[in-house]
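Trainee: I am new to this structure and would like to learn how its features are read, one at a time. Could we look at it together?

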Amino acid sequence: MMTRFLEKKLGRTFNKDASVTTRRYVTGEVRKRDLLIDDIASTTGLIVKVDEDGDGLVSDETALVLSTDLLLRGEGLDLDPDQGSEPQPWVELWIPPFYNDARITSFPPNTLVSVTAIHGWPAIPSAIVRAMYQLTGIWRLESPRATQRIPEGIEQAIASSPEAQSILDQVLAPYRRRWYF
C-alpha cells in the first residue's frame, strides 16, 4: 500500500518492465519538437512511430530512428540520465533542430505516437526504498516517529506526523515527475 501511495504522490512508478511494452500518446494542439512520455528505463527494443497519415494506425508507419530522427531526454533535459551513480529514466522524445535530415521536424498536432520500450526506472532509488520503509513504520505505529494515534489510512497517518511529512517532502523534491500535478 505504501508503494502505491508514493507512486500517486510522485506521479510515477519505480518498477521496470520485464520486457518491451507499447504506450500510445496523442500530441497536443500545437506542433512541437518535444513530447513528454512515461518513464523509459532502457532503450533496448525502442521503437517510436508517428501516425503521419492520420488513419489512427501506426502499423503502416516507418519507425523514427534514435540519433538521426530524434533523441531521448531525461528530467532537466539530460541526454544521458541512465549514467552516473543513480540512473534515472528518459521522460521525453525530442526532435532537435540540428537534425536537418530527420524524417519529421516536429510532432504534428493531435497525432497518435506509439512508443515501444522497456518502461519504468533502471533501478529503484535507495532513497525511495528508505522512505517507504520509514513511512510504513510510522503508518503501522511500529516506529518511534509514529504519533501513537490509530490512523484511518495512509493519508491521515502521514498528515498527522510531522516526521512523516518531512520524509515525504524530502522524497518529493528530487523524484516527483516535474510535469505531474
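Trainee: Is the crossing of α1 and α4 right-handed or left-handed?

Mentor: Before I answer, note that this is a predicted model, in which local features need pLDDT of at least 70 and side-chain atom pairs count only at pLDDT 80 or more, while totals for chains, interfaces and linings use all residues. Residues are numbered from 1 along each chain as its sequence is written, and side-chain values use heavy atoms, with hydrogens and water left out. A crossing is left-handed if the near helix is turned anticlockwise from the far one by less than a right angle, and right-handed if clockwise; the crossing of α1 and α4 is right-handed.

Trainee: At roughly what angle do the axes of helix α1 and helix α4 cross?

Mentor: Two packed helices are described by the angle between their axes and the distance between the axes. Here the axes of helix α1 (residues 2–10) and helix α4 (residues 162–175) cross at roughly 50° and come within 10 Å. Axes are lines fitted to C-alpha atoms, for helices over the stretch in contact, with angles running from 0 to 180 degrees between N-to-C directions. The angle makes α1 oblique to α4, since angles under 35 degrees count as roughly parallel, over 145 as roughly antiparallel, 65 to 115 as roughly perpendicular and the rest as oblique.

Trainee: Which residues make the contact?

Mentor: Contact means heavy atoms within 4.5 Å, and on α1 it involves F5, L6, K9 and L10, while α4 brings L168, V171, L172 and Y175.

Trainee: Which residues have the most contacts inside the largest nonpolar core?

Mentor: In soluble globular proteins, nonpolar side chains tend to be buried together. A nonpolar core is a set of buried Ala, Val, Leu, Ile, Met, Phe, Trp, Tyr and Cys residues joined through side-chain atoms within 4.5 Å, where buried means under 20% relative accessible area, exposed over 50% and partly exposed in between (1.4 Å probe, protein chains only). The largest one has 18 residues, and I37, I40, V48, L93, F107, V113 and V115 have the most contacts inside it. Strand β2 (34–50) gives the most to this core, with six residues. Another core, of 16 residues, lies apart from it and has L10, L135, A164 and L168 among its members.

Trainee: Is Q170 buried or exposed?

Mentor: Q170, which is found in helix α4, counts as exposed because its relative accessibility is 57%.

Trainee: How many helices and strands are in the protein chain?

Mentor: Helices (H or I, at least four residues) and strands (E, at least two) are DSSP runs, numbered from the N terminus, and the protein chain has four helices and five strands.
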